[in-house]
Structures are given as C-alpha cells and as structure tokens.
Amino acid sequence: MTRTPAEIRTTRIGPLARLPAFFALENKRAIVAGGSQAATWKAELLSAAGARVEVFAAAPSEEMLALAAAPPRGAVIVNERAWDAGDCNGAAIAVADCADDDEAAAFAAAARAAAVPVNVIDRPAFCDFSFGAIVNRSPLVIGISTDGASPVFGQAIRAKIEALIPKGFARWADAARAWRPRVQALALPFRGRRNFWERFTERAVAAPNAVPTDADLDALLAPTPAACSGSVVLVGAGPGDPELLTLRAVRALQSADVILFDDLVAPDILDFARREAKKMLVGKTGHAPSCKQDDINALMIALAKAGRRVVRLKGGDPMIFGRADEEISACRAAGIAVEVVPGITTAQGAASRLLVSLTRRGKARRVQYLTGHGRDGKLPADIDWASLADPAVTTVVYMPTKTLPELVANAVQAGLDPATPAVAVERATRADERMIAATIAELPARLAAAALSGPVVVMIGRTLADYVAAAARGEPESRQLRA
C-alpha cells in the first residue's frame with residue numbers, strides 16, 4: 001500500500017490573551033497624567049522609547065521632577081496642573097495613574113475620543129493596552145505579559161530570560177540594523193539573504209559579548225557554497241515530548257524552507273518550525289499506506305536542487321531504524337550537502353519514563369535494538385534468536401505490534417525464559433503514553449487486548465523486573481495500563 005507525499009497546512013495560532021505589539025514612539029507626543037512613582041516609571045519608559053513626554057500633575061513627586069531633569073532619551077516636560085480632556089489631542093499614547101474608577105473612566109473616555117490608545121495603571125478594565133515586563137537589549141526588546149494574572153510571575157520569567165540573553169546581544173542587534181541596508185543593496189536571492197542572517201546569528205551566539213566590526217560583515221558577505229544552493233538535514237524529533245528536542249534540532253526547524261516529516265513525529269514538534277516553512281507528510285507506517293522511500297528521496301533531492309533548505313524530520317533518532325543511510329546515499333549521489341542532527345531514541349525516552357536503567361549493573365551486559373518487521377511487514381528472517389534469549393541482555397523491539405506473537409514464540413523456543421519481564425510502551429514520553437507490563441509470554445495477548453494504535457516499543461529483560469513487579473502489585477508509580 002502506497003501514498004504520495006502531502007503538504008500539511010500550518011495550524012492556526014492558538015488564542016492570545018494579549019496581542020504583543022511594539023509602539024514606535026520616536027519624536028511622538030505621549031501624555032502621562034499623575035505624578036506618582038508609578039506614573040514616573042511609565043514616563044521613563046516612554047522617554048526611553050524616544051517619545052516627547054508631557055506630564056500633567058498638580059503635585060509631581062520628587063522622582064518625576066528628577067526624571068524631567070535627566071530623561072533617558074526623549075524630553076520629559078512636567079505641567080504642574082491636573083490633566084484636561086484636551087491634553088489628549090494629538091498624542092500617540094496616553095497613560096494615567098488615577099485615584100479612583102471615576103477618574104479612570106473619564107481619562108479613558110477622553111483618550112479614546114481623541115483616538116489615542118490608553119493605559120490606566122493597575123486598572124485593566126480601562127486599558128487598551130498593558131505594559132509587560134521588559135528584557136532590554138535594545139534594539140532587541142523582549143516583552144512579557146501574563147494578562148494581569150500575576151505580575152510577579154512575569155517578573156520571575158523576565159529574570160530567567162535576563163540570565164539567558166547576554167547583554168552583548170544589544171551590540172549585535174545594533175549591527176544587524178546598521179548592516180541591513182548594505183545586505184539589501186546586494187540584491188541577493190532569498191536563500192543568499194537567509195544564509196547571511198543565519199551565519200550572522202551563529203556568529204552572535206558564538207561570541208555574544210564581542211564587538212561586531214566591519215571585518216565581521218566582510219566575512220559574512222564572503223560567498224559560500226551553501227549561500228545559493230539547497231541542503232538536507234536529517235533531524236531526530238525524539239520520542240514525542242517536544243521538550244526533549246535538542247537545541248540544534250530547534251535551530252534546524254526554525255531555518256527550514258521545507259519539512260518532510262513522518263507519521264511518528266508528534267504534532268507539537270512542528271510548532272517549533274517557522275510558520276512560513278512548507279510542511280509535508282511523507283509517512284511510512286507498518287501495515288498501512290506509506291510513501292515509497294524512492295519517492296521520498298526524489299522529492300527531498302528535487303527540493304534541495306531548487307535551493308531549498310530541507311529538514312527530513314524523523315521520530316526518535318534518524319540513525320536508529322530511520323533509513324538514514326538510504327537518504328544520505330541519495331543526497332551524496334545527487335551532490336546535495338547533507339548532515340544529521342541526532343535525537344533522543346524512543347528506547348531512551350521510554351526508559352526515562354519507566355525510571356529503568358537498561359544497563360543495570362548485575363542484570364544486563366548490553367542493550368540491543370531489534371526491528372519487529374522487515375520490508376514485507378513480516379518478522380525479519382535473520383534475527384539472532386540466541387542473542388534474544390540471552391538473559392544478560394536488554395532487548396528493545398521497535399514496531400512489533402503485529403509480529404510480537406511470532407517473535408515471542410521463536411525466542412522462547414530458542415531459550416528465552418517465558419517469565420522474562422517485559423514492558424510495551426505506546427507513544428513514549430507523550431501526554432497520552434500508555435504502558436503494559438507483563439512477562440514476555442503474557443505480553444502478546446495483553447497487547448492484543450489493549451488494541452494499541454500509536455507507535456510502540458517492547459522492552460525485554462531482567463532490568464525491567466522491579467517495574468513489572470510494581471505493576472503487578474498495582475503501585476501507581478508504575479503507570480501500568482489497566483487493560
């Protein structure tokens with residue numbers, strides 16, 4: 001059974017409590033009503049953004065007067081009187097610290113009558129917009145909003161991001177702004193421009209506190225083979241949990257033009273890709289309609305030859321039962337640059353959820369991975385049954401749902417103890433993962449009764465004894481599926 005590659009439309013963005021937007025206030029008039037410490041902070045923010053700030057306060061605080069004497073950027077002018085509705089006319093933005101809801105309602109009405117977006121401090125019912133927590137690496141600016149649910153939580157997140165974003169990124173962001181006109185003047189093709197900014201980003205991340213110079217720009221503008229040619233990256237998506245993606249995998253997804261992904265890739269993984277990327281399902285599933293490998297290879301190469309950066313996204317690790325060798329060979333034969341980004345294997349992900357070491361000292365000398373079906377969908381004919389029966393090995397069988405009864409029968413005949421502990425894990429590490437623990441002799445029947453539909457691995461060996469025993473006792477930490 002075959003099917004053809006199919007483009008998957010990008011999912012719609014989820015609901016937003018607030019629309020993040022950034023006001024351009026350079027040399028624009030902003031008004032602030034009130035002279036309190038809270039009003040002073042808002043006036044300082046507006047001045048820092050380049051606005052000409054007019055403050056209306058009958059009794060301005062010392063902090064406000066000090067700000068007016070030394071503003072961070074735009075002028076701050078203090079008018080020692082109460083605000084008037086006419087003050088809103090011609091303003092780009094209006095902020096007030098009001099004594100009560102009546103004043104807040106009047107100020108909001110005056111601002112809206114003048115078509116001016118308004119914020120009343122700590123009174124969200126009267127606000128058109130809100131101020132979030134800010135990480136300032138200007139011109140790189142990061143805003144954080146909790147929709148008023150917990151400003152303290154927002155500040156904590158800001159502190160986390162502050163620790164992650166080097167202060168030197170401000171210089172690199174300045175360089176990007178200064179260099180952009182020169183890059184645009186070169187009239188590079190899309191791939192050339194994207195290659196420049198990808199290399200720019202790599203350089204900034206590698207040396208965040210360095211001072212960018214014209215020498216950096218010259219090096220980035222130097223032609224490279226990848227600038228106008230396509231490439232292929234085989235990326236391991238891991239077993240399913242998006243948080244198990246590697247940083248390198250995320251970067252590959254965010255720079256891809258086209259993503260060719262399998263059925264085994266969890267949908268949430270695609271959320272890390274840039275929205276403009278074309279996403280195409282080229283699924284290969286056992287005992288179900290699948291895209292032919294030759295068709296996948298041909299599509300991948302055609303896209304790369306057209307100058308696209310292609311990500312071939314595979315569940316788990318591309319080098320473990322992912323047909324990576326066939327795709328790498330096809331790329332090399334076509335002269336296409338290819339690289340591999342490894343991922344956490346499904347076996348590793350399942351073991352982490354079971355809290356089981358697959359190489360537990362005294363229980364297992366080695367771990368072996370085994371495919372549960374061959375190209376014809378049947379049990380492979382060349383399995384080393386003696387190896388499978390070895391009591392000192394932990395065996396992980398990939399995609400064995402249909403062939404497990406035959407596999408177990410042959411392994412037991414070759415000497416595998418029927419009482420050997422075994423666990424089947426469906427959709428390992430995902431929110432809907434399921435597990436069945438039993439002896440290997442009992443497992444095929446348990447699996448058939450459960451009618452599992454997702455990707456499954458079966459783990460066999462003495463290292464699983466404690467888990468299987470806990471499941472038999474009904475202990476909740478075993479996460480045993482009640483079939």
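In which sense do strand β9 and strand β12 pair, and over how many bridges? The views below start there. This is a predicted model, where local features need pLDDT of at least 70, side-chain atom pairs count only at pLDDT 80 or more, and totals for chains, interfaces and linings use all residues. Residues are numbered from 1 along each chain as its sequence is written, and side-chain values use heavy atoms, with hydrogens and water left out.

**View 1. Strands β9 and β12 sit in an open sheet of six strands.** Strand β9 (residues 231–236) and strand β12 (residues 309–314) pair in the parallel sense, over six bridges. Two strands count as paired if DSSP finds at least two bridges between them; strands (E, at least two residues) and helices (H or I, at least four) are DSSP runs, numbered from the N terminus. The sheet order is β1-β11-β10-β12-β9-β13, with mixed pairing. At the edges, β1 (6–8) and β13 (337–341) each pair on one side only.

View 2. R312 is buried, at a relative accessible area of 1%; buried means under 20%, exposed over 50% and partly exposed in between (1.4 Å probe, protein chains only). L234 stands opposite R312. Among the residues that R312 touches are V233, L260, F261, I296 and E327, where contact means heavy atoms within 4.5 Å.

**View 3. Helix α13 (residues 404–413) has buried residues.** These are L404, L407, V408 and A411. They cover an arc of only 95° around the axis, so they end up on the same side of α13; the arc is that of the directions from the helix axis to the C-beta atoms. Their cover includes β14 (366–371), α12 (385–389) and β15 (393–398).

**View 4. R18 and D147 meet in a salt bridge.** Their side chains come to 2.7 Å, N to O. The term means a side-chain nitrogen of Lys or Arg within 4 Å of a carboxyl oxygen of Asp or Glu. R18 is in the loop between β1 and β2 (29–33) and D147 in the loop between β8 (140–144) and α4 (151–164), 129 residues apart. R18 is partly exposed at 26% relative accessible area, and D147 is partly exposed too, at 37%.

**View 5. D466 and R360 make another salt bridge.** Here the N to O distance is 2.8 Å. D466 lies in helix α15 (residues 465–472) and R360 in the loop between α11 (346–354) and β14, so the pair ties together parts 106 residues apart in sequence.

Key. Lists of a residue's contacts leave out its neighbours within four places in sequence.
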